[in-house]
Structures are given as structure tokens and as C-alpha cells.
Amino acid sequence: MDISDASRTTTQTVTDYDRAKEVQAFDDTKAGVKGLVDAGIVNIPRIFIRPPEELVEELTSHQTNFQVPVIDLDGVRGNNLEEIVDQVRAAAETWGFFQVVNHGIPLNVLEEMIEGISKFNELDVELKKEFYTRDQTRNVRFNSNFDLHYSRTANWRDTLTISTLASTNLDPNEYPEVCRDAAREYIKNVTKLAETLFELLSLALGLKAEHLLEIGCPKEYILLCQYYPPCPQPDLTLGATGHSDPSFLTILLQDQIGGLQVFHDNQWVGVQPIVGGLVVNIGDFLQIISNDKFKSVKHRVVASQVGPRVSVPCFFMGHNAEIPKSYGPIKELTSAENPPIYRDFLASEYFSKRFSTVLDDNSPLHQLKL
């Protein structure tokens, strides 16, 4: 990797570079990263270039032969339940990630969702601008980098967000028409799958199957429809900076291009796409209420000259952050021999702490420990 150009750029004087001005100029186009690619850029704007120390660190990283666990859900309602629960427990405790196959969502539903998001991003920019906003109260919104104005480095992606957090009365007619039917069908299926997964995770914790459902873990969701255009200088930026998820559980649909990496055993491990498979990962909230039995781990997306890549993570958030809901370790999982690791806290406190720091070191878990 040649980082000399990036080093020269980042050592310019402050007067040579006004990051806030460049960020605002990019945001004002409302065309996102795809707008830069469509304009035929060869060198990516500085707001996307990672700090030199991060780029140097990548020189010492290496690929591994690790494979994220793959769990076959066939027979989950029958004779294979106990074996599947054991596999879910092992993956949630050691990796915090696993892939599922035979999960019950038809392949055409997955493919049509990917295709629908591609079609939205390929619309004329003037049509997409109708959805471009940073207003978090909008159920459906399009923009590039939710943290664009306060992150250290912008990521090489655009996002269409569909969320029930602002209002549980989400009308599918608010979705862009070009992906409306696909999104409605996918959401119906993935929320049903989430209920099954929460039942398995409850059993894996030694609780009754309904426990995580009854405390509202799948109650609200955020669906991020991520679009990663091909990048002319992928070694200088990322599609998504390393982070853990602010959710109980995340279910990810991805196309076959790849790029998702999980931090495991002190190294980045690629998550190889499986046709018809879905990626599942534990979020911060589930690590907390499981009293660290389950692990919420850092992951990222690398940029690529190949693309566009499309992925659709669905974050199951529990209750709306505006509702004063308290969380802490599940009482049945603590004892004198296994005392609570975390204190009880409001969801709003978690999000306040999380978004008071940049994305790369954003998990407030350590701040919530007793």
C-alpha cells in the first residue's frame, strides 16, 4: 500500500484545508458518494482519507483462515432445536457473529431487496434528493454518513434509512416507490426471523424461550440500506469504520461482493457471503443484559474498486430511546458468584454517551460498568 500521497495531504497546514467547509460542500450536493463516482473522480476527497497512523497499521495486518460460524436453522421447530441452541450459544459467546442458512426467508425476497436498493441508488439524483435529509425524526431518509459532520473520516457509502424509532406508525407508502414492495416484504420476513433468533438466544442463556421477546428486544428497528460505490483509492478509506452495534441484535443481508470484516482474535476476519445466507451479530445491549455472556464485537467494511456493493443491516433496538426504559443485566443471570457487571441505565443515556465520541471508539460499555 502506498500511503505517501495521503501523508502529504494530511500534513498540510490548517489554513490549506477547512474540513468543515469541505464536508458541508459535499453534503450540499445531496448526491452522496455515488455523485462523486458519477462525476468521474480519480482521487478521493480528503474528508474520506484515513489518518496516516491508521494506514500504516494496515500494512502490518494479515488475512486469516478463520471462518465465522455458519448455523443451519433447518429443523429449528423440530428435533434439531437443542443442537441449534448449542451452536448459537457457542457463536454468541466466542465470536459475537454467525451466519444462518435455511432461515425461512425465500431467496427471491433477499434478491429483490438487494435489487430494490440498487435501483433506488441508481435513480436520477434529483429524485433521490426528495429523501435527502439529516432530520432524525423522519421515518425514511437518505444521506451519506449519518455522522458526516463530526466523524474524523467520512466513509465511502450512501444510506437509505427506514426506521420505527421516530414513529411506530411507519407507513410503507413513505418508502421510495422503486423499492417499496421489496422493502415491505423483506421487513415482514426479517422481523419474523428476529423473533425466532431471540427465542434461540433466550434458550442459549438458560432462560425460557419467550424471555427476550417479553422484555421487548425486537420491538423497534432501524433498517439501513447501504450502498458502497466502487472506490478509485480503496486503500485510503473504509466503507464503514470499525464499530460495535447499538442494538440487541443485527441481521444483515449482503450481496456477493464481500467486504465485511469482524475483529476476532486480535485480527480482522472477512465474512464470506453465502448465497441465501444472512449474517447475525450480537449488539451492545444484548452483551449488557446477558452480563457479558454474549459478546458484541467490532466490525467494519473495507472499500473496494469492485462494486457497487449493497448490504442491508436491520438493527433490533428494543424500545424507542425517547421512552424512559431502563436496562441492565437480567436478574436470572446474576448471583453472588456471578455479580452484575453493568449498572442499570436508561437507553437515552447509552446513546448520549455513544454519540459523544467518534465512531471508531464509540462503544460506551466500559462507562456503564459497576
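Residues are numbered from 1 along each chain as its sequence is written, and side-chain values use heavy atoms, with hydrogens and water left out. Because the model is predicted, local features need pLDDT of at least 70 and side-chain atom pairs count only at pLDDT 80 or more, while totals for chains, interfaces and linings use all residues.

**Salt bridges**

A salt bridge is a side-chain nitrogen of Lys or Arg within 4 Å of a carboxyl oxygen of Asp or Glu. By this rule the model has 15 salt bridges.

Helices (H or I, at least four residues) and strands (E, at least two) are DSSP runs, numbered from the N terminus.

Arg77, in the loop between strand 1 (70–72) and helix 5 (81–94), and Glu199, in helix 8 (residues 180–204), are 122 residues apart in sequence. Arg77 is exposed, with a relative accessible area of 63%. Lys293, in the loop between helix 10 (284–289) and strand 11, is 200 residues from Glu93 in helix 5. Lys293 is partly exposed at 33% relative accessible area, and Glu93 is partly exposed at 26%.

**Sheet**

Two strands pair if DSSP finds at least two bridges between them. Four strands form an open, antiparallel sheet in the order 6-11-8-9. Strand 6 (238–243) and strand 9 (267–270) are the edge strands, each pairing on one side only. Strand 6 is joined to strand 11 (residues 299–302) by three bridges, and His243 stands opposite His299 in strand 11.

**Cysteines**

The structure holds zero disulfides (pairs of cysteine sulfur atoms within 2.5 Å). For Cys179, the nearest cysteine sulfur is that of Cys225, 6.4 Å away. Cys179 is buried at 2% relative accessibility, and Cys231 is buried with a relative accessible area of 2%.

**Position of Phe355**

Phe355 lies in the segment after helix 11 (347–354) and is partly exposed, at 37% relative accessibility.

Conventions: Buried means under 20% relative accessible area, exposed over 50%, partly exposed in between (1.4 Å probe, protein chains only).
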